[in-house]
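Thanks for coming. I have one structure to go through today, and I will define terms as they come up. Please have a look at it first.

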Amino acid sequence: MSKYDVIVLGSGPGGYVTAIRASQLGLKTAVIEKESLGGVCLNWGCIPTKALLKSAQVFEYLKHAGDYGLKVSEYDKDFDAVVNRSRNVAEGMSKGVQFLMKKNKIDVISGYGKLKAGKKVDVDGTEYSADHIIIATGARSRELPSLAQDGEKVIGYRKAMTLEKQPKKLIIVGSGAIGVEFAYFYNAMGTEVTVVEYMPRIVPVEDEDVSKQLERSFKKSGITIMTSTEVTAVDTSGKGVKATVKTKKGEETLEADIVLSAVGIKTNIENIGLEDVGIVTDRDKILVNDFYQTNIPGYYAIGDVTPGPALAHVASAEGILCVEKIAGHHIEALDYGNIPGCTYCSPEIASVGLTEAQAKEQGIDIKVGKFPFSASGKASAGGNTEGFVKVIFDAKYGEWLGCHMVGAGVTDMIAEAVLGRKLETTGHEVLKTVHPHPTMSEAVMEAVADAYDEVIHI
């Protein structure tokens, strides 16, 4: 039996980052993976979807070349080539993880891992043991009883990335990050898209102003938005698919070629031996302490399988803290109140901290500032004037409570707010931080200035 200091079950952005950090700390490490290195994020999620979205963005630029004083007489799309580019990007990233495993002298064990008592893992009949076993098996597309996926007419996100033929009409159920990213992609490529959302507004976890802006932008692009709407049944017996939806006005039937279910995720915790070991779960999640230890000594869990936010960067951060604690480092628990969220549709969405509604619910006296990109020189020059930056500060102490952005490139801007909040900066300090001109990031400073009645450009 092979013996390790650390075995990581799963090689997604939680698992492979954890394994690398463990190796850096001098721990003999192995990672177990049943499919491709990099997990869902690199192979079927974060990375290949961004490749699809980039193709859609470039296609939109071609459509609007005249807005930039350019003449493009002929242009078209090759849907197969767009999909193939996405797959090639994913394959390249997965090979990059393979290189990192070799570089860091991490053993990669291919196969299906199942936990066993006594700090052991069985991989297709072969046992491995370790002083510390870290579960990082991630999650998959969740299925609703009324929306069972058949992989052809009712599909999940994996199939949506590799369709052989572009649908003429697509219904997307759910308007979280996955739903709105695919809505943007397929709409930009020419598909007639309808988004069905059970909640009263799309991207419901975001600040209400952000939701309203994205809905305006999507409707302007030709996407049909149906909020406060529930899919009660689907009929796949015909050529396409018919979805029965319940709205405030009653029932109606929507027709499309395909329905994409984007209603959240389901953790991959079945049949991995949790019951055999005695690891406690609650509502589809593995329960852990601040340093990701389960109730059974020697067994840990990170990423989507735990109660924290199901985000790639959260899984990576959790894994690093987990193994640093194992190695005896003095570490602080992760601040889940300062985790940025990003959605890569167009316009993009990025946020961190409290929304305006959440701050008010907590009874905090707040200052709110907002700066529209329509007043930004860089945004105007780039032809990307939709959206804004919104900031929320504690009126008494100047604490930066939240930052919410919607617009071009905002996913690359949100780190300023995350770092500022980590360093406990105040609104006045942000105001005195010189931002380069002309940039999109100036909107952060201007939004803060608006909160303190010092805004210059609106």
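In which loop is the place of Pro-438? Pro-438 sits in the loop between α13 (427-431) and α14 (442-451). Helices here are DSSP runs of H or I with at least four residues, strands are runs of E with at least two, and both are numbered from the N terminus.

Before going on, some ground rules. This is a predicted model, where local features need pLDDT of at least 70 and side-chain atom pairs count only at pLDDT 80 or more, while totals for chains, interfaces and linings use all residues. Residues are numbered from 1 along each chain as its sequence is written, and side-chain values use heavy atoms, with hydrogens and water left out.

Back to that loop. The peptide bond from His-437 to Pro-438 is cis, with omega near -5 degrees. A cis peptide bond also joins Ser-346 and Pro-347, with omega at about 5 degrees. Pro-347 lies in the loop between β20 (341-343) and β21 (348-353).

Next, backbone angles. Val-203 is not a glycine, yet its phi is positive, about 35 degrees. Val-203 belongs to the loop between β10 and α7, and it is buried, with a relative accessible area of 4%. Buried means under 20% relative accessible area, exposed means over 50%, and partly exposed is in between, using a 1.4 Å probe and protein chains only. Arg-283, also not a glycine, has a positive phi of about 50 degrees. Arg-283 is in the loop between β17 (281-282) and β18 (285-286), and at 75% relative accessibility it counts as exposed.

Now the cysteines. How many disulfides does a search of the whole structure find? It finds 1, where a disulfide is a pair of cysteine sulfur atoms within 2.5 Å. The pair is Cys-41 and Cys-46, with sulfur atoms 2.2 Å apart. The torsion about their S-S bond is about -130 degrees, so the disulfide is left-handed. Cys-41 is buried at 11% relative accessible area, whereas Cys-46 is partly exposed at 29%. Cys-322 is in no disulfide, and the nearest cysteine sulfur, that of Cys-41, is 19 Å away. Cys-322 is buried, at 0% relative accessibility.

On to the core. A nonpolar core is a set of buried Ala, Val, Leu, Ile, Met, Phe, Trp, Tyr and Cys residues joined through side-chain atoms within 4.5 Å. The largest one has 39 residues, and those touching the most other members are Ile-172, Phe-182, Phe-185, Tyr-186, Leu-214 and Phe-218. Elements giving two or more residues to this core include α6 (177-188), β9 (169-173) and α7 (208-220). The largest share, 7 residues, comes from α6. Apart from this core lies another, of 27 residues, with Phe-371 and Cys-403 among them.

Last, a sheet. Three strands form an open sheet in the order β12-β13-β14, with antiparallel pairing; two strands pair if DSSP finds at least two bridges between them. β12 (230-235) and β14 (250-256) are at the edges with a single partner strand each, so one side of each has no neighbour in the sheet. Strand β13 (residues 241-247) pairs with β14 over 7 bridges, and Lys-246 stands opposite Glu-251 in β14.

That is all I have.
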